[in-house]
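Subject: Handing over a structure

Hello,

Here is the structure I promised to pass on to you. Please open it first, and then read my notes below alongside it.

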Amino acid sequence: MGVHRQVARLALKLFDATAPVLGLPRSSRELLEFGALLHDIGHAIDHDRHNRHSYYLIKNAELFGFDTDEIEVIAQVARGHRKQAPKLDSPDLKPLSPAKRRVIRGLAAILRVADALDRSHFGVVKNIEVRYSPGRLIVGVDSKREKADLELWTCQRRTDLLSRLLDRQVILQRRSCLPLYLPPTATLVRPQPDVSLRPGPRPRPCSKRRIRIADD
């Protein structure tokens, strides 16, 4: 489950940065989290079509606390995390309202990117920073000193749906040190240095960077 928590963590960071633009309600954040935690459960049945099996298992599981439509959203998001993403006119989505179909598309687009950023399942991506520039969504990827070539290569091929929904190009950038992501309304409070009789290590230069999320 640790692998899936990594995907869920990255997915929620992407959600917090893109939900306003995608028009996703705050209530769908929890549905994305559960979709991310359960998206690979279908591996227990088959590898090649595990996303479809994930849909079946989630759909028929007893997820207490969720109603029928919410379970359908979670299952569809898990199903759409690889290969063909769900389309608005898909027969599988026909019973749902247009609003819920758009939520599924948006959450699936986010999960596709988050899942790609953990392609090796080794948790090499430590943090991401999301910011906007004219016509672009820039995702800074921090893997510290670990190689993230496989994650970046895979992610570049999974950003198509998110790019279309945002109507802007999704750009990946390597970062050696990133601050924790904070939503635009949050306030960054720098911790005071510890008082010690012996001098400690000098802070890394990036620790003084200000967090700024630019919008068009």
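Let me begin with a term: a helix crossing is called left-handed if the near helix is turned anticlockwise from the far one by less than a right angle, and right-handed if clockwise. The crossing of α4 and α5 is right-handed. Helices here are DSSP runs (H or I, at least four residues), strands are E runs of at least two, and both are numbered from the N terminus.

Some background before going on. This is a predicted model, in which local features need pLDDT of at least 70 and side-chain atom pairs count only at pLDDT 80 or more, while totals for chains, interfaces and linings use all residues. Residues are numbered from 1 along each chain as its sequence is written, and side-chain values use heavy atoms, with hydrogens and water left out.

The overall picture

The protein chain has 7 helices and 3 strands, and from the N terminus they follow the order α-α-α-α-α-β-β-α-α-β. Of its 216 residues, 48% are buried (under 20% relative accessible area; exposed is over 50%, and partly exposed lies in between, with a 1.4 Å probe and protein chains only). Among contacts (heavy atoms within 4.5 Å) with a separation of 6 or more, 69% join residues 24 or more positions apart.

Back to the two helices

The axes of α4 and α5 (residues 98-116) come within 8 Å and cross at roughly 40°; axes are lines fitted to C-alpha atoms, for helices over the stretch in contact, and angles run from 0 to 180 degrees between N-to-C directions. On the α4 side, the contact is made by Asp69, Val73, Gln76, Val77 and Ala78, and on the α5 side by Lys100, Val103, Ile104, Leu107, Ala108 and Leu111. These residues divide into 8 nonpolar, 1 polar and 2 charged (Ala, Val, Leu, Ile, Met, Phe, Trp, Tyr, Cys and Pro count as nonpolar, Asp, Glu, Lys and Arg as charged, and the others, Gly among them, as polar).

Aromatic rings

A search of the whole structure finds 1 aromatic pair. Phe34 and Phe66 form this edge-to-face pair, at 4.9 Å centre to centre and with 75° between the planes. Rings of Phe, Tyr and Trp (its six-membered ring) pair if their centres lie within 6.5 Å; planes under 30 degrees apart are stacked, over 60 edge-to-face, and the rest tilted. The two partners are 32 residues apart, with Phe34 in helix α2 (residues 28-38) and Phe66 in the loop between α3 (50-59) and α4 (68-79). Phe34 is partly exposed at 27% relative accessibility, whereas Phe66 is buried at 14%.

Another ring has a charge over its face: Arg79 lies over Tyr55, at 5.4 Å from the ring centre (NZ of Lys or CZ of Arg must be within 6 Å of the centre and within 35 degrees of the ring normal).

A buried leucine

Leu162 sits in helix α7 (residues 160-166) and is buried, with a relative accessible area of 1%. Beyond its neighbours within four places in sequence, Leu162 is in contact with Leu22, Ala109, Ile110, Val113, Leu137 and Val170.

Two loop residues

Most residues other than glycine have a negative phi. Lys144, in the loop between β2 (136-142) and α6 (149-156), has a positive phi near 55°. Asp167, in the loop between α7 and β3 (169-175), has a positive phi near 60°. Lys144 is partly exposed at 43%, and Asp167 is exposed at 69%.

Best wishes
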